[in-house]
Amino acid sequence: MTRPFASGIAALDAYLEAGFETVRGMSSRFSATICGHLLRRQTEMGIRGDVAEIGTFEGRFFIAMGLALAWDEHAYGFDLFTWPDDQVMDRLIANAGRCGLGADRFTPRPFDTGKLGRDEFRGLTGRRPLRF
């Protein structure tokens with residue numbers, strides 16, 4: 001079945017087709033596709049950088065964004081990772097691996113971002129520019 005829209009990034013589109021619905025979360029396939037398309041356009045325009053998501057949960061949207069990055073870009077996922085239980089981060093890591101996002105491409109960060117200052121947040125994201 002052909003989808004009426006695609007991001008134009010092969011790894012991301014394959015995930016949206018076959019893995020997205022297997023990961024628990026609130027994000028829609030449409031929103032992940034549109035954000036992937038935006039990341040693709042940024043890359044085409046020479047805009048580069050890492051991404052960070054606040055509220056990563058088990059990774060549904062986060063994996064999509066990580067799969068949209070170039071080989072030398074990195075994804076940071078912030079969450080408390082304690083709801084509904086203390087195995088949320090373990091499920092994020094397992095979901096990412098199962099869906100093709102290598103462990104070297106992302107870093108889960110178990111922090112309450114509401115309590116982080118700007119410099120602390122920058123330190124937790126490698127002090128490199130974030131583009132999304």
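Student: How many helices and strands are there in the chain?
Tutor: This is a predicted model: local features need pLDDT of at least 70, side-chain atom pairs count only at pLDDT 80 or more, and totals for chains, interfaces and linings use all residues. Residues are numbered from 1 along each chain as its sequence is written, and side-chain values use heavy atoms, leaving out hydrogens and water. Helices (H or I, at least four residues) and strands (E, at least two) are DSSP runs, numbered from the N terminus. The chain has five helices and three strands.

Student: At what angle do helix 1 and helix 3 pack?
Tutor: Axes are lines fitted to C-alpha atoms, for helices over the stretch in contact, and angles run from 0 to 180 degrees between N-to-C directions. Over 145 degrees counts as roughly antiparallel, under 35 as roughly parallel, 65 to 115 as roughly perpendicular, the rest as oblique. Helix 1 and helix 3 are therefore roughly antiparallel. Their axes lie 8 Å apart, and the angle is about 155 degrees.

Student: Which residues in helix 3 does helix 1 meet?
Tutor: Contact means heavy atoms within 4.5 Å. Helix 1 brings Ala11, Leu12 and Tyr15; in helix 3 they meet Arg60, Ile63, Ala64 and Leu67.

Student: Is cysteine 35 buried or exposed?
Tutor: Buried means under 20% relative accessible area, exposed over 50%, partly exposed in between (1.4 Å probe, protein chains only). Cysteine 35 has 17% relative accessibility, so the answer is buried.

Student: How many disulfides does a search of the whole structure find?
Tutor: A disulfide is a pair of cysteine sulfur atoms within 2.5 Å. The number found is zero.
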